[in-house]
Amino acid sequence: MSLPPASRTSADEADDYLERRKLRRGSAGWLLLTGLGVAYVVSGDYSGWNFGLAEGGFGGLAIAMVLMGTMYTCMVFALAELSSILPTAGGGYGFARRALGPWGGFLTGTAILIEYVLAPAAISIFIGDYVESLGLFGLESGWPVYLACFVIFIGIHLWGVGEALRFSFVVTGIAVAALVVFALGALPGFDASSLDDIPVDSSALGANSWLPMGLLGIWAAFPFGMWFFLGVEGVPLAAEETKEPARTLPRAIRWSMGILVVLAVVTFVAAAGARGSAAVQDAGNPLVEALQPDGEATVLSRIVNYAGLAGLVASFFSLIYAGSRQLFALSRAGYLPRFLSLTSSRRAPYLGLLVPGAIGFALAAGTGNGARMLNVAVFGATISYALMSLSHIVLRRREPELPRPYRTPGGVLTSSVALVLACAALVATFLVDVTAAFIALAVYLVAVAYFGLYSRKHLVAKAPEEEFAALAAAETELSRN
């Protein structure tokens, strides 16, 4: 079975179409990909999560972290299976394309793209704040710092994927090592009685010292519980640049998630226990705040402060990578303008790097509101999580005989848990920042209109994700006959 005639254009017939859109294969093994998975997330250990204390208190954020950690764990097990079936740069879009059709693929890919374009823009602002607070080179947070971030780190990506992933691995290693140092340094000042020191809102249902904002505070803390893991789902986007992807991707995803769970628990408990939940709930750099009970900087707090900058750089750098690969895959298949998927002589999708980078810089320089952009990114992320989890369920039900080099423990029960929690997290974004949720929804609707009116009629049949879906349709038709 072939795609509809409207999907076939002259680009499909051009012999060099895919040749001009090739990535460098075999550039990464499981260790570099594990580092990439941690790099996506590590900045969330240094800042952001603590604002959830103001929404739900220590107990509320702790429960939210456990539930969101469960969601991510279940989801990455499902993604490990899906990535072993379809190891292409499309990642979540490719999985949903096979399971849910072109509309499902586009909705998933667009949601992922919203996350990976907005998150680096927000992080560039946080990098600027760190640079200013550390007094580096006398710089102040503002557009020159944001521009330098995009220019320098996109330049490294243009140099080549192998070099980019090695750079990310080193910076991530520094950030992770500093988290271990922080936890050891915070241990002498740990006091369990300070964990629940946030004043109780007696009017809230179920409120107590551990849940000062009541039961609803748990739900409101969901987006902040996600910050300990947000982005790890991007590992499959490196599939076409990976050695033995069917084996490497599942291994890297599992290891990344395991490391992130340990870092989340250690960081959260150590920071809140060393200084108290009330003291760190509004801090821009909660780990540094936890190490300075008298407000005076120490050698250890300075080390952690510099490491926080390294963590932000690691996440910024890796999220740019993820966004470029998702854009590359959607463009190569015709869902977005095709010129965006052209690659350079070094096999880097240069427009897929430069265009999102320009948008991200413009947003950072024009708004300066990193928190809101992160909330928009979370909205896009939760939509993609729900659709990717649903894709796993559909493929297990519809195509049980599909070769699966790796199988998700628990099967559809695992991905069903991820689906339910992702939907709950999506609703929770409206509790935290209604404006951000509606901004994301408006962007999403514009993209949907573009697909419905134009691009769905101009898909590229020979793109890997489209060929994979077409093969499934053909097999289904043959079985019916």
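The model is predicted, so to speak of local features a pLDDT of at least 70 is needed, side-chain atom pairs count only at pLDDT 80 or more, and totals for chains, interfaces and linings use all residues. Residues are numbered from 1 along each chain as its sequence is written, and side-chain values use heavy atoms, with hydrogens and water left out.

Let us begin with the largest pocket, which holds about 620 Å³ of space. A pocket here is an open set of points on a 1 Å grid over the protein atoms alone, where a 1.4 Å probe fits, with protein on both sides within 12 Å along at least five of seven lines; its lining residues have an atom within 4 Å of a point. The volume is the space filled by probe spheres set on the points, which are joined across faces, edges and corners. The lining has 25 residues, and Leu113, Ile114, Val117, Ile359 and Val443 lie nearest the centre. Two or more lining residues come from each of helix 5 (92–134), helix 13 (299–332), helix 14 (350–367), helix 15 (370–398) and helix 17 (434–453). Helix 5 gives the largest share, six residues. Helices are DSSP runs (H or I, at least four residues), numbered from the N terminus.

Now turn to the second largest pocket, with about 510 Å³ of space. Among its 29 lining residues, Ser47, Gly48, Phe126, Trp227 and Leu374 are the closest to its centre. Helix 5 again supplies the largest share of a lining, here eight residues.
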